[in-house]
Structures are given as C-alpha cells and as structure tokens.
Amino acid sequence: YSVENVIIWSDDFKKINPRWSVPALIDSTNWIWTMTHVVAIIKYLLKKYPNNLWANWDIISEYELDQMLSFLNSDFHPSFWWFFVPQKFTSFNEENIITDIQKSSIKRITQNLEYLEQKLNWWEYLVLNKLTVADIYAFVMLRWAWFALWEDFKKFENLNNFMEKISNIPEV
C-alpha cells in the first residue's frame with residue numbers, strides 16, 4: 001500500500017474522494033472507485049485478508065467488534081468535528097461563538113472518554129480483552145483527545161495506560 005498525505009479541502013483530495021472525507025482507500029486490484037468510511041474499510045480489509053489476527057471470530061465476538069467500531073465511528077469520532085472545525089457549524093465568524101462551539105465539543109468528547117475509561121476498568125483492550133482494529137482506531141482519536149483536553153486528559157488513568165501500550169506496538 002501507499003499512503004498519500006493530503007489537504008482535506010483541496011482539489012487534489014477531491015479527485016480521490018469527491019465527498020472530501022477521510023479515510024479513503026483505493027484498492028486497484030478490485031475496485032475502480034474510492035472506498036470511504038472507517039468501519040466499511042476495516043470490514044473490507046478483514047474479509048480480504050481472512051488469515052489476519054482479527055478475522056474469523058465467532059458471532060458474539062464479531063458483534064462486539066462491530067459495536068465498538070460503531071461507537072468509535074458514530075459517537076466518538078464526530079465529537080471532534082465541533083472541536084477541530086467549529087466554523088462548519090455556524091454561519092457566524094465571531095471568536096466567542098467559535099470558542100463556545102469548541103467548549104461544547106469538549107463536553108461530548110469527555111463523555112465518550114468516560115465511557116472508554118470505564119470499559120478499560122475490566123479489560124486491557126476494548127473488545128473482549130483482545131487486541132483488535134478497534135483499539136488502533138481508538139488510539140488515533142485518543143491522541144486527538146489528548147490534544148483537545150491537555151491537562152484534563154491526565155485524569156483518565158486507564159486511557160493513558162492504554163495509549164502507552166498501543167503506542168509500543170511496532171506497527172503503530
């Protein structure tokens with residue numbers, strides 16, 4: 001595979017993905033268009049490479065993985081939009097309005113962090129205590145949360161330990 005660094009709103013990225021969203025994957029061996037959306041791409045790769053570490057689980061394990069991926073994709077990930085791109089959610093350009101939007105985002109990010117922190121009270125990893133693609137996806141957003149919350153992120157002991165563990169995986 002190759003990684004392309006892009007500027008999200010650029011004309012070059014629009015050629016890759018007309019919807020201007022990430023991630024975007026082009027598998028030239030099977031597709032002529034761009035695949036998008038994290039969960040769909042992850043499921044595609046798990047099926048394409050069936051001998052990988054995380055494929056061929058029983059139905060309960062697959063449900064648990066799908067549930068966590070859905071939470072990460074539908075709840076956690078969107079909570080950052082308001083923080084990183086607040087201008088997208090208002091037609092006003094006043095600094096105090098932008099700041100208020102970011103503050104409300106931090107509240108939602110924190111709620112999602114509390115859920116993950118609680119989940120890691122019992123387990124070392126997010127899905128049935130097994131290292132999965134959900135852990136890697138969560139790690140990316142936890143880095144964003146660390147950036148968004150700075151000092152407040154320290155209170156999440158389980159998440160800090162989790163991040164350290166995941167960052168020590170050579171592929172990460």
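Is Glu62 buried, partly exposed or exposed? Glu62 turns out to be partly exposed, because its relative accessible area is 30%, which falls between the 20% and 50% cut-offs. Keep in mind that this is a predicted model. The legends below start with the whole chain and then zoom in.

**Figure 1. The whole chain, for getting your bearings.** The protein chain has seven helices and two strands. If you read along the sequence, those elements come in the order α-β-β-α-α-α-α-α-α. Along its principal axes, the C-alpha trace spans about 50 × 45 × 30 Å. There are 172 residues in the protein chain, and 38% of them count as buried.

**Figure 2. Lys43 and Glu62, a pair that links helix 2 to helix 3.** Six salt bridges are found in the structure. Here Lys43 forms one with Glu62, and their closest N and O atoms sit 3.3 Å apart. Lys43 belongs to helix 2 (residues 38–48) and Glu62 to helix 3, so the pair links distant parts of the chain, 19 residues apart. Side chains of opposite charge can pair when their charged atoms come close.

**Figure 3. Arg108 and Asp75, a pair between helix 5 and helix 3.** The closest N and O atoms in this salt bridge are 3.9 Å apart. Arg108 lies in helix 5 and Asp75 in helix 3, so the pair ties together parts that are 33 residues apart in sequence. How covered are the two partners? Arg108 is partly exposed, with a relative accessible area of 35%. Asp75 is partly exposed too, at 33%.

**Figure 4. Glu151 and Lys154, an exposed pair.** Glu151 forms a salt bridge with Lys154, with 3.1 Å between the closest N and O atoms. Both of these residues are exposed.

Figure 5. Helix 3 gives the most, with four residues. Sorted by class, the lining has four nonpolar residues, one polar residue and two charged ones.

**Figure 6. The second largest pocket, with helix 3 in its lining.** This pocket holds about 590 Å³ of space. It is lined by 19 residues, and the closest to its centre are Ser21, Val22, His77, Trp81 and Lys88. Helix 3 and helix 4 (81–84) are the elements that give two or more residues to the lining. Helix 3 gives the most here, with three residues. By class, the lining of the second largest pocket has 13 nonpolar, four polar and two charged residues.

Figure 7. Phe84, Val85, Trp146, Phe147 and Trp150 make a nonpolar surface patch of about 510 Å². One of them, Phe147, is found in helix 6 (residues 133–149). Phe147 is partly exposed, with a relative accessible area of 39%. Patch residues need over 30% relative accessible area, so Phe147 clears that cut-off.

Figure 8. Most residues other than glycine have a negative phi. Where do you find Leu128? Look in the loop between helix 5 and helix 6 for Leu128, and in that loop for Asn129 as well. Leu128 counts as partly exposed, at 27% relative accessibility. Asn129 is likewise partly exposed, at 37%.

Notes:
Residues are numbered from 1 along each chain as its sequence is written. This is a predicted model: local features need pLDDT of at least 70, side-chain atom pairs count only at pLDDT 80 or more; totals for chains, interfaces and linings use all residues. Side-chain values use heavy atoms; hydrogens and water are left out. Patches are made of residues with over 30% relative accessible area and no salt bridge: like charges are joined within 9 Å, nonpolar side chains (Val, Leu, Ile, Met, Phe, Trp, Tyr) within 5 Å. Accessible areas come from the Shrake-Rupley method with a 1.4 Å probe; for residues, only the protein chains shown count as cover. A salt bridge is a side-chain nitrogen of Lys or Arg within 4 Å of a carboxyl oxygen of Asp or Glu. Buried means under 20% relative accessible area, exposed over 50%, partly exposed in between (1.4 Å probe, protein chains only). Ala, Val, Leu, Ile, Met, Phe, Trp, Tyr, Cys and Pro count as nonpolar, Asp, Glu, Lys and Arg as charged, and the others, Gly among them, as polar. On a 1 Å grid over the protein atoms alone, a cavity is a set of points where a 1.4 Å probe fits but cannot get out, and a pocket is an open set with protein on both sides within 12 Å along at least five of seven lines; lining residues have an atom within 4 Å of a point. Grid points are joined across faces, edges and corners, and a volume is the space filled by probe spheres set on the points.
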